[in-house]
Amino acid sequence: MNTGSNEPAGVTDPVAGVKPEQPLGSRAPGFVQARKALHLSWQVGVFIVGLAVVVAGIIMLPLPGPGWLVIFGGMAIWATEFVWAQLVLRWTKRKVTEAAQRALDPKVRRRNIILTTIGLVIVAVLVGVYVWKFGITMPWEIKE
């Protein structure tokens, strides 16, 4: 697959330090793309497998399990064939990268540490008041 440059896909640009994005479109093998009926059935199969993975991820959201990770895995399966899924994954990767960079900002980290500390102090005070008033008793065993 030619990406339009002389460098192989996945090579990092030493100047920018960024990988060039792969072109949009199907990543099916060439013999599959050469036959329209086979390519269509390939796309249907990829869609069904991706749908099963996404549905499993949605089911895992309220249940124990890595729901969002599985959903993004299903999107990655779809992205092997469908341009819309490739665009969604590119947008998601960009937003996650931006959020990670913001989270590593010293001001943001300091604010998050302060807010977490305040939250823990509030929880500790509430637990202390509960233990002072009721002792070590579960809430459903209080007869008041």
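Figure 1. At 15% relative accessibility, Phe82 counts as buried, because buried means under 20% relative accessible area. The model shown here and in the other views is predicted. The count of aromatic pairs comes to five. In one of them, Phe82 and Trp84 are stacked, with 6.2 Å from centre to centre and 25° between the planes. Trp84 has a relative accessible area of 42% and is therefore partly exposed. One aromatic cluster is formed by Phe47, Trp78, Phe82 and Trp84.

**Figure 2. The protein chain and its helices.** The secondary structure of the protein chain comes to five helices and zero strands. Read from the N terminus on, its elements run α-α-α-α-α. The protein chain has 144 residues, and buried residues make up 15% of them. Among contacts in the protein chain with a separation of 6 or more, residues 24 or more positions apart account for 40%.

**Figure 3. A nonpolar patch on the surface.** Ten names make up this view: Leu40, Val44, Phe47, Ile48, Leu51, Val55, Ile59, Leu63, Trp84 and Val88 form the nonpolar patch. Together these residues have about 880 Å² of accessible area. Helix H2 (36-60) and helix H4 each supply at least two residues of the patch. H2 gives the most, with seven residues. Val88, one of the patch residues, lies in helix H4. Its relative accessible area is 36%, so Val88 is partly exposed. Trp84, also in the patch, is partly exposed at 42%.

**Figure 4. Thr92 and the backbone of Val88.** Thr92 is found in helix H4, and Val88 lies in helix H4 as well. The side chain of Thr92 reaches the backbone oxygen of Val88 at 2.8 Å. Thr92 counts as buried because its relative accessibility is 15%, whereas Val88 is partly exposed at 36%.

**Figure 5. A salt bridge between Glu98 and Lys95.** Side chains of opposite charge can pair when their charged atoms come close. In the model, the count of salt bridges comes to one. The side chains of Glu98 and Lys95 meet in a salt bridge, at 3.7 Å from N to O. This distance qualifies because the rule asks for a side-chain nitrogen of Lys or Arg within 4 Å of a carboxyl oxygen of Asp or Glu. Both residues lie in helix H4 (residues 83-103), three residues apart, which is about one turn of the helix. Glu98 has 30% relative accessibility and so counts as partly exposed. Lys95, at 38% relative accessibility, also counts as partly exposed.

**Figure 6. Leu24 and its contacts.** Leu24 is placed in the segment before helix H1 (30-33). In sequence, Leu24 and Leu87 are 63 residues apart, while in space they are 8.2 Å apart, C-alpha to C-alpha. With neighbours within four places in sequence left aside, Leu24 is in contact with Val83, Gln86, Leu87 and Arg90. Leu24 is partly exposed, with a relative accessible area of 40%.

How values were computed: Residues are numbered from 1 along each chain as its sequence is written. This is a predicted model: local features need pLDDT of at least 70, side-chain atom pairs count only at pLDDT 80 or more; totals for chains, interfaces and linings use all residues. Side-chain values use heavy atoms; hydrogens and water are left out. Helices (H or I, at least four residues) and strands (E, at least two) are DSSP runs, numbered from the N terminus. Buried means under 20% relative accessible area, exposed over 50%, partly exposed in between (1.4 Å probe, protein chains only). A polar contact is a pair of N or O atoms within 3.5 Å; within protein, one must be able to donate a hydrogen and the other to accept it, and residues adjacent in sequence count only if both atoms are side-chain atoms. Patches are made of residues with over 30% relative accessible area and no salt bridge: like charges are joined within 9 Å, nonpolar side chains (Val, Leu, Ile, Met, Phe, Trp, Tyr) within 5 Å. Accessible areas come from the Shrake-Rupley method with a 1.4 Å probe; for residues, only the protein chains shown count as cover. Rings of Phe, Tyr and Trp (its six-membered ring) pair if their centres lie within 6.5 Å; planes under 30 degrees apart count as stacked, over 60 as edge-to-face and the rest as tilted. Contact means heavy atoms within 4.5 Å.
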